[in-house]
Amino acid sequence: MESSSSVRNNSYHDAQYWDKRYKVISGLFDWYTDYCSLKPLLRLYLAPESKILNIGCGNSALAEDLAMSGYPIVTSIDASKVCIDVMRERYSKLEEKHFKHLEWLHMDATKLEFKDSTFDLAIEKGTVDALLCGENKPGVISLLLETWRVLKKDGYLILITHGQLSSLLTKQKDSKLGTLLWEVKVHRVPFSPSALLMRRIRAMLDGKPLSSVTKEMREEALIKTQEDLLTDFQKAEDLDLKKISSAMLTAVENFNIA
């Protein structure tokens, strides 16, 4: 018999799971890491005119942060139609000029509906891991091949994962030429504040479901995570504590349905 956590994890590859989730959660949340942590890496590969594909966008603030930082041409896709509808509505109500080129599309990342050589850079955070939760290795391979197809010749894929995918990437070859597709570089990036908070709460629960978290536990975790962030980022010039605190509070409010 599976534990509640394994059942939950095995649902991460299912679009219907996310449709149900996005009907009841609110706000923005960045799994794994966020733009603040990724900025030094992204600067190596992006130009203001870059066309960016945001794969498995979820309710992340990444597209917004990219646009506000001078990279406004972002196409975000997700397998959850509910998610895309929510994000499209959210940004249609905002009059910020930086957001006018943001696009939100309901799409399967393993069957991309774009022409070849469309994008300069593709980025995904956790989509590959979600597919692997359902033991869908063929889906991962399809995602990688489709991403290769829609990237320009000198394009880049930034893939953020908890797994070890270098061996998979380095084995993919061009079906016609037989040449290797990907040149792989590995970077370590920090967790987002919201992800750090979730990890701390999960550790406190020691295997129990997130619905078991108490108000006292949430408050303690929030305080400790904020203290950790101030220690880690005290020299960072662009640390937006107000935005970070808001993101963590949103994460706390949504824990009971995670």
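Contact here means heavy atoms within 4.5 Å. This is a predicted model, where local features need pLDDT of at least 70, side-chain atom pairs count only at pLDDT 80 or more, and totals for chains, interfaces and linings use all residues. Residues are numbered from 1 along each chain as its sequence is written, and side-chain values use heavy atoms, with hydrogens and water left out.

**View 1. Who touches leucine 66?** Skip the neighbours within four places in sequence, and leucine 66 is in contact with Tyr35, Leu42, Leu46, Ile52, Tyr71, Pro72 and Val74.

**View 2. The largest nonpolar core.** A nonpolar core is a set of buried Ala, Val, Leu, Ile, Met, Phe, Trp, Tyr and Cys residues joined through side-chain atoms within 4.5 Å; buried means under 20% relative accessible area (1.4 Å probe, protein chains only). This one has 35 residues, and Leu42, Leu66 and Trp104 are among those with the most contacts inside it. Elements supplying at least two residues each include helix H3 (35-42), helix H5 (81-92) and strand S5 (151-160). H5 gives the most, with 5 residues. Helices (H or I, at least four residues) and strands (E, at least two) are DSSP runs, numbered from the N terminus.

**View 3. A second, separate core.** Look for Phe114, Val140, Leu143 and Leu151, which belong to a separate core of 21 residues.

**View 4. Helix H2 and its start.** Tyr17, Trp18, Asp19, Arg21 and Tyr22 are buried in H2. Where H2 starts, a side-chain oxygen of aspartate 14 comes to within 2.9 Å of the backbone nitrogen of glutamine 16.

Note on methods. Buried means under 20% relative accessible area, exposed over 50%, partly exposed in between (1.4 Å probe, protein chains only). A polar contact is a pair of N or O atoms within 3.5 Å; within protein, one must be able to donate a hydrogen and the other to accept it, and residues adjacent in sequence count only if both atoms are side-chain atoms.
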